Amino acid sequence: MQQFISDQIMALGLPQWTFNVVWALIQGLLVLVFILFNALFLIWLERKVSGHIQLRVGPMRTGFHGALQTLADALKLLGKEDIIPSSADRAVFVIAPIIAFASAMLVYVVIPWSPNLIVQDLNIGLIYIAAVSSLLTLALLSAGWSSNNKWSLLGAMRSASQLISYEVSLVLSIVSVALLAGTLSLNGIVQAQQEWGLWFVVLQPIGVFVFLTATLAELNRAPFDMPEAESELVAGYSTEYSGMRWAYFMLAEYSALLAAGALNAVLFWGGWSGPFLPPAVWMLIKVYGFVFLAMWIRWSFPRIRVDHLMNLGWKVLLPLAVVQLLITAIIVVVWG
Amino acid sequence: MLEAYTDVAVFLVLGAAFVVINLLIGRLIRPHRPYPAKLSPYECGEDPIGEAQINFHSRYYIYALVFVIFDVETIFLYPWAVVLRELGLYAFILMFIFLVMLLDGLVYAWKKGALKWV
């Protein structure tokens, strides 16, 4: 396939970079379709899981056990009126969902689904992910600010403060993994786990906990969903958004959830490595394991108060992450 | 080297284009009937009082300041993490001193009450 396109472009006499762009476009479209299908499935799964946890059945009418419910909702949202409040900052209001979705998609460039099924194995993969995934908060902040609505502004400010509080612990627990692997490339980290002969979760018991908690906080999922706490802030940063514009925030949120699952799998649970089954299947099993855990946590724990949330980030997770970093450094110096 | 980032650029453009194109398609089928009450910001059915873009808690600034200090320092950890195996004990001791200073800053901010939500 790659060879075929390369030949075609050579035959047309176009320079090498056009091939890079065309190939990137094809991969990008495939990833886009992958994200959309998974998001449709994830939203259905969330409603089913929440339903069964609360002794309900969840959506049942549209398709087999409500399987087409999300698709129906998406079509409905496409036909909804697009309302931009008259006092809103129009340019920023319009651009916020674009940043949200584009940043969620950028993460997928470096995620390895199998040894070869990766768009581009950047050698600075971990820094890239840390940088790109925090762009989502920029989107939420501009959405909340531009709406010119008190609920939105409060939600956006909470989201920003929450992200920066958990970002430091998140980065420190990522650095512990980089220490063990000796590389920042994501495929390299999976291979390093095969060389060590064990998954990093064995060497990073504290790191796993810190990373899981911090990713849930970065995803704004309950019990850390202060930014959209519906009982106090209506809908937080997305109060003024309607129709498709709102749907993009939802889509970005669920593709970020899937990417977070992939990151958890790669950093601590051996990524695509596993016996018998093909690598991509192992990766999907691990990713959906994390996704299910995140949903289980969301529907089992009450939302925590904003001051407790800050305390947990700065006074519990950050010291724990530093302790994990020191232990890991000692392991690497002694056995590495 | 830089070719690797073609994918990043293309993904960025594609993600943005997907949103814009969908909104344009939606424009063909969705209704558009605005009136002043519909376009006013939501405030539980009341007429909004004042602008929203002025009031927020000054507490957020202090967290932002603490964050800036820590985030810049954690960036130094990445190159160290990659090469620690080659550099061995010496690099470990140097970074240990650095981490102690980092934690010192955290303890200082903690004692000063910067991490207290009031």
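Q: Is A:Arg47 buried, exposed or partly exposed?
A: Partly exposed: the relative accessibility of A:Arg47 is 32%. Keep in mind that this is a predicted model.

Q: OK, and which residue forms a salt bridge with A:Arg47?
A: That's A:Asp73, with the closest N and O atoms 2.9 Å apart. The pair links distant parts of the chain, 26 residues apart: A:Asp73 is in helix H3 (residues 69–78) of chain A, and A:Arg47 is in helix H2 of chain A. A:Asp73 counts as partly exposed too, at 23%.

Q: How many salt bridges are there over all chains?
A: A search of the whole structure gives 4.

Q: What does A:Glu46 pair with?
A: A:Arg298, at 3.2 Å between the closest N and O atoms. Here 252 residues separate the partners, with A:Arg298 in helix H13 (residues 279–300) and A:Glu46 in helix H2 (residues 16–53), both of chain A.

Q: Buried or exposed, that A:Glu46?
A: Buried, because its relative accessible area is 4%, under the 20% cut-off. A:Arg298 is partly exposed at 24%.

Q: Switching topic: which residue of chain B does A:Asp82 form a salt bridge with?
A: B:Arg30, with 3.8 Å between the closest N and O atoms. That pair crosses between chains, from the loop between H3 and helix H4 (90–106) of chain A to the loop between helix H1 (6–29) and helix H2 (36–39) of chain B. Both A:Asp82 and B:Arg30 are buried.

Q: Which residues are in the network with A:Asp82?
A: A:Arg245 and B:Arg30, joined with A:Asp82 through salt bridges that share partners.

How values were computed: Residues numbered from 1 in each chain as written. Chains lettered and ligands numbered in written order. Predicted model: local features only at pLDDT ≥ 70, side-chain atom pairs only at ≥ 80, totals over all residues. Heavy atoms only, no water. Salt bridge = Lys/Arg side-chain N within 4 Å of Asp/Glu carboxyl O. Helix = DSSP H or I, 4+ residues; strand = E, 2+ residues; numbered from the N terminus. Buried < 20%, exposed > 50% of the residue type's maximum accessible area, 1.4 Å probe, protein only.
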